[in-house]
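User: I am new to this structure and would like to go through it in a few questions. Please show it here.

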Amino acid sequence: AMTQGASWVFPLVVGVIFVRRSLTGGKSAVKFGLIALVLLSGAIFFQNISAKMIPVLIHFSMFLVFYGSLRTDASLMEQFARLDFPELPPGIAEYCRKVTWVWTFFFAINIVFCTALAIWADDALWAFYNGGMIYLLLGIMMTSEYIWRRFRYPWLETRPFKESMMNIIKNGHTIWNPK
């Protein structure tokens, strides 16, 4: 889109999504409205940079989710672990909190890095990182944690990966919408 002069499309679409979200009301309506205003203004006045800042918005959202969960009794990773282990084995809640901190730090670093790429890097480097490299890094993070967990807790019997992922897909909504 950037090479074809249509970089305004992405901030416009995401801005409209935030407008719709702000219209639903609630305690975050003003925040969503302000984000929408920035995105829609960017779509008009700063097309390339506003399009390039969308990954920053995504990483910032993920940072807030992970960091916000650290301010509660059960970190995000602990909540996911409890989908497989309603009663966590000893030491696992603390381990999950540490893993949540690692993910929080990962997203914080990505906010800074993606912002720098959006401002100073050429479009090709920005696209390489945000369109591919970040997914490789996410995969390395997940694989590394899996290997470390198996090494650190060899006695921990876990579900096979596919079964665990299906459980998250089926029951993950309980983390986002507890009743």
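User: Which residues does Thr100 touch, not counting residues up to four places away in sequence?

Analyst: This is a predicted model, where local features need pLDDT of at least 70, side-chain atom pairs count only at pLDDT 80 or more, and totals for chains, interfaces and linings use all residues. Residues are numbered from 1 along each chain as its sequence is written, and side-chain values use heavy atoms, with hydrogens and water left out. Contact means heavy atoms within 4.5 Å. By that rule Thr100 touches Phe66, Ser69, Leu70, Ser75, Leu76 and Met77.

User: Is Thr100 buried or exposed?

Analyst: Thr100 sits in helix 6 (residues 92-120); helices are DSSP runs of H or I, at least four residues, numbered from the N terminus. Buried means under 20% relative accessible area (1.4 Å probe, protein chains only). Because its relative accessibility is 0%, Thr100 counts as buried.

User: Which helix gives the most to the lining of the largest pocket?

Analyst: A pocket is an open set of points on a 1 Å grid over the protein atoms alone, where a 1.4 Å probe fits, with protein on both sides within 12 Å along at least five of seven lines; lining residues have an atom within 4 Å of a point. The largest pocket has a volume of about 1200 Å³, the volume being the space filled by probe spheres set on the points. Of its 41 lining residues, those closest to the centre are Met77, Trp103, Met142, Met165 and Ile168. With nine residues, the one that gives the most is helix 7.

Note on methods. Helices (H or I, at least four residues) and strands (E, at least two) are DSSP runs, numbered from the N terminus. Buried means under 20% relative accessible area, exposed over 50%, partly exposed in between (1.4 Å probe, protein chains only).
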